Amino acid sequence: MTQILDVATDPWGVKVVSVEVKDVVLPKNMQRAMGSQAEAERERRAKVISAEGELQASKSLLMAAEEMTRNPATMQLRYLQTLTQISSEKNSTIVFPLPLELMSLVNGLQ
C-alpha cells in the first residue's frame, strides 16, 4: 500500500514513508461471506481431526486384535469381561453365552 501511494504522490515531490489503517468498515454481505467461510473452515478442521482420531482408533483396534489372537486365553478373558459389563448394567438384555470352542468349530466348517 505504501508503494501504491508513493507512486501516486512521487510527481508532487511527496515521499510516503508509512501507511497505517485505523478503521475499516466492511459491508454486511462481505461480513456474512467471511463468517461463512470461517465456519466452513472450522467444520473442515473438525472433520479432519475426527478422521485422524478414527484412523488412530482403528490402528489401536488392529494391534489389540493381533495381540489377542496370539493366546486363546486372552479371547476367553475378554469374552468374560464383556459378559460382566453387560450383566452389571440394569437392563433387560438376555445373554446366551456360547463357548468359544463352539465358535471355532463353526468357523472350521466354513
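Figure 1. E41 is partly exposed because its relative accessibility is 28% (buried means under 20% relative accessible area, exposed over 50%, partly exposed in between, with a 1.4 Å probe and protein chains only). The model is predicted: local features need pLDDT of at least 70, side-chain atom pairs count only at pLDDT 80 or more, and totals for chains, interfaces and linings use all residues. Residues are numbered from 1 along each chain as its sequence is written, and side-chain values use heavy atoms, with hydrogens and water left out. E41 pairs with R45 in a salt bridge, with 3.3 Å between the closest N and O atoms (a side-chain nitrogen of Lys or Arg within 4 Å of a carboxyl oxygen of Asp or Glu). About one helical turn separates E41 and R45, because they sit four residues apart in helix α2. R45 has 46% relative accessibility, so R45 too counts as partly exposed.

**Figure 2. The E67–R70 salt bridge.** E67 and R70 form a salt bridge, and their closest N and O atoms are 2.6 Å apart. E67 counts as partly exposed, at 48% relative accessibility. R70 is exposed, at a relative accessible area of 62%.

**Figure 3. The E20–K22 salt bridge.** E20 and K22 form a salt bridge with the closest N and O atoms 3.7 Å apart. Both residues, E20 and K22, are exposed. In total, the structure holds four salt bridges.

**Figure 4. A nonpolar surface patch.** M1, L5, V19, V21, V24, L26, M30 and M34 make a nonpolar surface patch of about 700 Å². Patch residues have over 30% relative accessible area and no salt bridge; like charges are joined within 9 Å, and nonpolar side chains (Val, Leu, Ile, Met, Phe, Trp, Tyr) within 5 Å. Areas come from the Shrake-Rupley method with a 1.4 Å probe; for residues, only the protein chains shown count as cover. M1 lies in the segment before α1 (2-9). M1 counts as exposed because its relative accessibility is 59%.

**Figure 5. K90 in the loop between α3 and α4.** K90 lies in the loop that runs between α3 (72-88) and α4. K90 is exposed, with a relative accessible area of 84%. K90 and R70 are 20 residues apart along the chain, and their C-alpha atoms are separated by 34 Å.

**Figure 6. Helices and overall dimensions.** The protein has four helices and zero strands (DSSP runs, numbered from the N terminus: helices are H or I, at least four residues; strands are E, at least two). Along the sequence, the pattern reads α-α-α-α. The radius of gyration is 33 Å, whereas a compact globule of 110 residues would have one near 13 Å (taken over C-alpha atoms; the globule rule is 2.2 Å times the number of residues to the power 0.38). The C-alpha atoms fill a box of roughly 95 × 35 × 25 Å along the principal axes. Of the 110 residues, 4% count as buried. The accessible surface comes to about 10100 Å², and 61% of it belongs to carbon and sulfur atoms.

**Figure 7. Confidence along the protein.** The protein averages a pLDDT of 85, and 93% of the residues score at least 70 (pLDDT is the predictor's confidence in each residue, from 0 to 100). Confidence is highest in helix α2 (residues 28-68), at a mean of 95, and lowest in helix α4 (residues 100-109), at 76.
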